[in-house]
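Please look over the sequence and the model before reading on.

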Amino acid sequence: MRKENSDFQTAFVSEAGSYLDNRDYFAYIELDDMACYVLADGLDSDQELRSAEMAVKTMLENFIEKPSMSRRRMARALREAQEWLQFESRRVRLKASLLMIVTNYNKMVYVSCGHVRLYHFRAGRLNFRSKDHSLAQSMADDGRIPEESTSTHEERGNLLEYVGKPGRIHGTFSKKTQLADGDVLLLATPGMWEGVELAEMLGALEQSKDATEMTDTLE
């Protein structure tokens, strides 16, 4: 499917909130036959280098070089972002949580590392949510805490995987998911999903006429 035959709407909001500056970064590119959306949450305190921006731009540059939905290409993009943050970690270790979505306007795939989340809504309901690489998520997977408590549990920010970590990185790669008319993909950093419950997301979805109105309502 080509972009001219589909109606993709994209909107975003990003604020520093209670922090002195904004450590998140979002960017995307929509080509005729394929699109890529990348969101990152900077986890370090470096005042000169922006880890989230660096990771996102590295991922997008890799995509632009050879647009593809293949796991091999997405793994390469993630690995390059990892190596770049490791290389630039001179003063402090640069760290970021990251989510990348690639779509051909008919199907989509994603890779995640850290706790930037993807919420996939269909027909007014949650179709699925990506899982975090946090200790809280690991505890939920083991049945030690309820799945719904991962957004508020004290270990939600204790990450087992993130871009820039020492050694090798292990992201989560999805299978191809068929898209349907009216689907909504919500990419969210902890600044959003920690403060907005699922019921409130669904309420914003129901009340909103387009992507911009939904992001404004969530904010």
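## Helix packing

Helices α1 and α2 pack with their axes 9 Å apart, at an angle of about 145°. The model is a predicted one. The crossing of α1 past α2 is right-handed. On the α1 side, the contact is formed by S51, M54, A55, T58, M59, N62 and E65, which meet R73, R76, A77, L78, E80, A81, W84, L85 and E88 of α2. By class, the contact of α1 with α2 has 8 nonpolar, 3 polar and 5 charged residues.

Helix α1 has 15 residues, which at 1.5 Å a residue should span 21 Å; the C-alpha atoms at its ends are 21 Å apart, in agreement with that value.

The buried residues of α1 are S51, A52, M54, A55, V56, T58, M59, L60, N62 and F63. They pack against β1, β2, α2, β3 and β4. In α2 the buried residues are R73, M74, A77, L78, A81, Q82, L85 and E88, and their packing partners are α1, β3, β4 and β7.

Helix α5 (residues 198-207) packs with helix α6 (residues 211-218) at an angle of about 145°, and their axes are 9 Å apart. The crossing of α5 and α6 is right-handed. M201, A204, L205 and Q207 of α5 make the contact with E213, M214, T217 and L218 of α6. The residues of this contact divide into 5 nonpolar, 2 polar and 1 charged.

## Salt bridges

Side chains of opposite charge can pair when their charged atoms come close. Over the whole structure, a search finds 13 salt bridges. Three of them are listed below.

| Pair | N to O distance |
|---|---|
| D44 and R23 | 3.2 Å |
| E53 and K57 | 2.7 Å |
| R122 and D183 | 2.7 Å |

E53 counts as partly exposed at 25% relative accessibility, and K57 is partly exposed with a relative accessible area of 38%.

The side chains of R122 and D183 meet in a salt bridge. This pair links distant parts of the chain, with R122 in strand β5 (residues 117-122) and D183 in the loop between β8 (177-178) and β9 (184-188), 61 residues apart. R122 counts as partly exposed, at 27% relative accessibility.

A network of salt bridges links R117, R129, D132 and E147.

## Single residues

A40 lies in strand β2. Is A40 buried or exposed? A40 is buried, with a relative accessible area of 0%. Apart from its neighbours within four places in sequence, A40 is in contact with R23, D24, Y25, A52, V56, S97, L98, V116 and T189. Among these contacts of A40 is R23, the residue that forms the salt bridge with D44. A52 and V56, also in contact with A40, are among the buried residues of α1. From C-alpha to C-alpha, A40 and R129 are 17 Å apart in space, and they are 89 residues apart in sequence.

Y105 has a phi of about 70° and lies in the loop between β3 and β4. Y105 is buried, with a relative accessible area of 4%. A123 has a phi of about 55°, and its place is in the loop between β5 and β6 (125-129). A123 counts as exposed, at 73% relative accessibility.

Key
Residues numbered from 1 in each chain as written. Predicted model: local features only at pLDDT ≥ 70, side-chain atom pairs only at ≥ 80, totals over all residues. Heavy atoms only, no water. Salt bridge = Lys/Arg side-chain N within 4 Å of Asp/Glu carboxyl O. Buried < 20%, exposed > 50% of the residue type's maximum accessible area, 1.4 Å probe, protein only. Helix = DSSP H or I, 4+ residues; strand = E, 2+ residues; numbered from the N terminus. Axes fitted to C-alpha atoms, helices over the stretch in contact; angles between N-to-C directions. Left-handed = near helix turned anticlockwise from the far one by under 90°. Contact = heavy atoms within 4.5 Å. Nonpolar A, V, L, I, M, F, W, Y, C, P; charged D, E, K, R; others polar. Expected span 1.5 Å × (residues − 1).
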